[in-house]
Amino acid sequence: MSVVTIHRKVLEKNDEIARRNRERFSQRGAFVINLVSSPGSGKTSVLERTLEFFEGKVKLAVIEGDVQTDLDAQRIARYHVPVVQIVTNGGCHLEAKLVEDALTNLDLNGVKLLLIENVGNLVCPSNYDLGEAMKVVVASTAEGDDKPLKYPGMFLHASALIINKIDLLPYVNCSLDVLKGNALKINPALMVFEMSCTTNAGVPEWCRWLEEHLSG
Amino acid sequence: MHELSIAQSILDIVRQSVPEKELPDVRIVKLQVGDLAGVVPDSLEFSFTVLTTDTPLRNAKLQIDHVPFVILCNACEKTFTNEVGFVLCPTCGGADTKILSGLELQVVEIELEDIKAEAP
């Protein structure tokens, strides 16, 4: 047997494209968020409330990732911001190359905040750097308080956690303290926002925190 | 199920590292996979087999070395391992910890059958 020793990261190609994306974002002065969660936890609603908050104040753009349809892009287009839909045709996550391709159809001129909504999936997207400044994970109360323990990878790689649908707490089997505690055991540095996209609770706090990261 | 695209990335690396005519000699592709890398070994092996059948890499098998999730507590100056990805120190409860391993996903070695060595 002869042995070739290489030590190469399996996802090095993705990481290389992500680095290019990151460079491009920083040249344009755009702060980029990669929004991840399981399906149905309310990523698109978080985007909508965020767009409302910044309307007329800060220029935003959105990249939507879904397995099929441009339904989410249609929802976002109502807010008159540049939006591109990536349809992965079965792919369970976004990759840096898909984002790079999407950027050819997205005018980043003057955009201070680019929100990328990943495919709803708490496993695969954690492996793929897109070139974002930070990952933000959304977990809704209806999913239960054990999500961070079941899907630690995603919480480990995120900078912030949005606990969504807090208006449903009286009706679902979920303790806010347990959910928060579980997430912080995985990643003590997580910024945690308690939110309801129905009542708008927590939205201003989240948006003001985002605002702190935007370039002037 | 992103193991198929990960298997594809592994094959790309093998093809870049071994001359084309030697691809049928590749027997083992050795990987390091951290326990918190978010990869299912069985799915990865299955995907690898699907992608290599009837190709020059048909003789290649994946060998996956698991890397445990290990944290170092700076306060206690001790290392701890767990399977769930907790980064809080289990002794002092502190958050001043560092992840030492468990997130790896890399190709470390490719073993080829040495045809010349077997010749008389």
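User: Where is Leu51(A) found?

Analyst: Leu51(A) sits in helix α2 of chain A, residues 43-54. Keep in mind that this is a predicted model.

User: Why does Leu51(A) count as buried?

Analyst: The cut-off for buried is 20 or more other C-beta atoms within 10 Å. Leu51(A) has 22 C-beta neighbours inside 10 Å, so it counts as buried.

User: Which residues does Leu51(A) touch, leaving out those up to four places away in sequence?

Analyst: Those are Leu60(A), Tyr79(A) and Val81(A). A contact here takes C-beta atoms within 7 Å. As for Leu98(A), 47 residues from Leu51(A) along the chain, the two C-alpha atoms are separated by 23 Å.

User: What about the largest nonpolar core: which residues touch the most other members?

Analyst: That core has 89 residues, and Leu114(A), Ile116(A) and Ile162(A) touch the most other members. Take Leu114(A): leaving out residues up to four places away in sequence, Leu114(A) touches Phe25(A), Ala30(A), Val32(A), Ala61(A) and Ile63(A).

User: On to the two chains. How many residues of chain A are in contact with chain B?

Analyst: There are 26 from chain A, in contact with 27 of chain B. On the chain A side, β1 (2-9), α6 (152-157) and α7 (176-186) each supply at least two residues. The largest share, eight residues, comes from β1(A). By type, the chain A side divides into 14 nonpolar, eight polar and four charged.

User: What makes β1(A) and β6(B) a pair?

Analyst: Pairing takes at least two bridges between the strands. β1(A) and β6(B), residues 105-112 of chain B, have six bridges in the antiparallel sense, so by that cut-off they pair.

User: In what order do the strands of the open sheet run?

Analyst: Four strands form that sheet, in the order β1(A)-β6(B)-β1(B)-β2(B), with mixed pairing.

User: Why are β1 of chain A and β2 of chain B called edge strands?

Analyst: Each of them pairs on one side only. In the strand order, β1(A) stands at one end and β2(B) at the other. For reference, β2 of chain B covers 61-67.

User: How much does the sheet twist from one strand to the next?

Analyst: The twist averages 20° from one strand to the next.

How values were computed: Residues numbered from 1 in each chain as written. Chains lettered and ligands numbered in written order. Predicted model: local features only at pLDDT ≥ 70, side-chain atom pairs only at ≥ 80, totals over all residues. Contact = placed C-beta atoms within 7 Å. Nonpolar A, V, L, I, M, F, W, Y, C, P; charged D, E, K, R; others polar. Core = buried A, V, L, I, M, F, W, Y, C linked by C-beta atoms within 7 Å. Buried ≥ 20, exposed ≤ 12 C-beta atoms within 10 Å, placed from the backbone. Axes fitted to C-alpha atoms, helices over the stretch in contact; angles between N-to-C directions.
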